[in-house]
Amino acid sequence: MRNLLNFLMKYNYWFLFLLLEVASFVLLFRFNRYQQGVFLTSAGGVTGAIYEVAGSISSYFHLKTANADLLERNVWLERRLEQLEKTLAERGLDSTLVQSLEQKASGQYKVFWASVIKNSLNRADNYITLDKGSADSIRPEMGVVDANGVVGIVYKTSPHYSLVISLLNSKSNLSCKIAGSGYFGYLHWEGTDAQYAYLRDLPRHAEFSVGDTVVTSGYSAVFPEGVMVGTVEEMADSHDGLSYRVKVKLATDFGKVTQVCVISRAGQEEQKALEETD
């Protein structure tokens, strides 16, 4: 104890100097907007770089799991393709019609690959950070998916990073429908289990059953119609008794999201501007 006191007394001028330096920097950056802006920009870049390195390390250790998910997804897609080809053959549809639809879709949407460098699961409002930003043509309100299904929507961007509102977020409200029907509702996460969300406002006369597929409705400027969201786990009446409250098991395992696709649709900004004019 005596040695500690002697040390503090010996170097008290240095400690006082450091204290005054810290106080001066705090005052400088807190009450001057220009210096504050420079500090926040630099801090954001450093933080983003740290997240990118941590995300790269995490992605490396999750490669085996990600490959298994992709393999399973490819098998599912192959089965779906076989079913579609069989249906087309049974109904005598011309293959040139299908090809023209594919070309139209490919011209309407663009896809950008990105890696997840930060993710959260245990908060009321969870966000995901990507290693691509406005310099890579990514902008707010673009849809984000992985090999299994919907992940979220881009919230804001910097030149080299993007912040995504995950489906596991109280602000997320995704328009979805039961595959094969026109009945749609809004998917909302209630902050409990990362595997489940709830589809609301489905009309009482809608016909569906447990195990049915839930996909995006296409009634927004963000996601095209038919993107996988999950499957019906349970169905019950809403509090007012006028609609269904459906428990949906999400197709995306948010604990293992590493690689994602960001979807850009032509005309998205024009549609949004028109819908916001009232």
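What follows is a working chat about a predicted model of one protein chain.

Reader: What should I know before using the numbers?
Author: The model is predicted, so local features need pLDDT of at least 70 and side-chain atom pairs count only at pLDDT 80 or more, while totals for chains, interfaces and linings use all residues. Residues are numbered from 1 along each chain as its sequence is written, and side-chain values use heavy atoms, with hydrogens and water left out.

Reader: How many helices and strands are there in the protein chain?
Author: The protein chain has 6 helices and 12 strands. Both are DSSP runs numbered from the N terminus: helices are H or I with at least four residues, strands are E with at least two.

Reader: And how much of the chain is buried?
Author: 31% of the 278 residues. Buried means under 20% relative accessible area, exposed means over 50%, and partly exposed is in between, with a 1.4 Å probe and protein chains only.

Reader: Which strands make up the closed barrel?
Author: The barrel is closed by 6 strands in the order 6-7-8-11-10-9, with antiparallel pairing. On average, neighbouring strands of this sheet are turned by 40 degrees against each other, direction ignored. Axes here are lines fitted to C-alpha atoms, for helices over the stretch in contact, and angles run from 0 to 180 degrees between N-to-C directions.

Reader: How many bridges join strand 10 to strand 11?
Author: There are 7, and the two strands run antiparallel. Strands pair if DSSP finds at least two bridges between them. Strand 11 covers residues 243-250, and its Lys-247 is the bridge partner of Glu-234.

Reader: What about strand 9, how many bridges to strand 10?
Author: 3 bridges, again antiparallel, between residues 213-216 and residues 228-237. Val-214 stands opposite Gly-230 of strand 10. Strand 9 is also joined by 3 bridges to strand 6, residues 174-178, in an antiparallel arrangement. There, Val-214 is the bridge partner of Ile-178.

Reader: Switching to the core. How many residues in the largest nonpolar one?
Author: 41, and Leu-187 and Leu-199 have the most contacts inside it. A nonpolar core is a set of buried Ala, Val, Leu, Ile, Met, Phe, Trp, Tyr and Cys residues joined through side-chain atoms within 4.5 Å.

Reader: What does Leu-199 touch?
Author: Leaving out residues up to four places away in sequence, its contacts include Cys-176, Ile-178, Leu-187, Val-214, Tyr-244 and Val-248. Contact means heavy atoms within 4.5 Å.

Reader: Is Cys-176 buried or exposed?
Author: Cys-176 is buried, at a relative accessible area of 0%. Cys-261 is buried too, at 12%.

Reader: How many disulfides?
Author: The count is 0, where a disulfide is a pair of cysteine sulfur atoms within 2.5 Å.

Reader: Aromatics next. How many pairs?
Author: The whole structure has 4 aromatic pairs. Rings of Phe, Tyr and Trp (its six-membered ring) pair if their centres lie within 6.5 Å; planes under 30 degrees apart count as stacked, over 60 as edge-to-face and the rest as tilted. One is Phe-184 with Tyr-186, centres 6.3 Å apart and planes at 75 degrees, so edge-to-face.

Reader: What else does Phe-184 pair with?
Author: Phe-184 also forms an edge-to-face pair with Tyr-219, at 4.9 Å centre to centre and 80 degrees between the planes. Phe-184 lies in strand 7 (residues 184-188) and Tyr-219 in the loop between strand 9 and strand 10, so the pair ties together parts that are 35 residues apart in sequence. Phe-184, Tyr-186 and Tyr-219 form one aromatic cluster.

Reader: Where is Gly-218?
Author: Gly-218 lies in the loop between strand 9 and strand 10 and counts as partly exposed, at 33% relative accessibility. Its C-alpha atom is separated by 7.9 Å from that of Cys-176, 42 residues apart along the chain. Gly-218 touches Phe-223, Pro-224 and Glu-225, not counting residues up to four places away in sequence.

Reader: Last one, Ser-264. Buried or exposed?
Author: Buried, with a relative accessible area of 9%. Ser-264 sits in strand 12, residues 259-265. Among the residues Ser-264 touches are Tyr-109, Phe-112, Arg-139 and Met-142, with residues up to four places away in sequence not counted.
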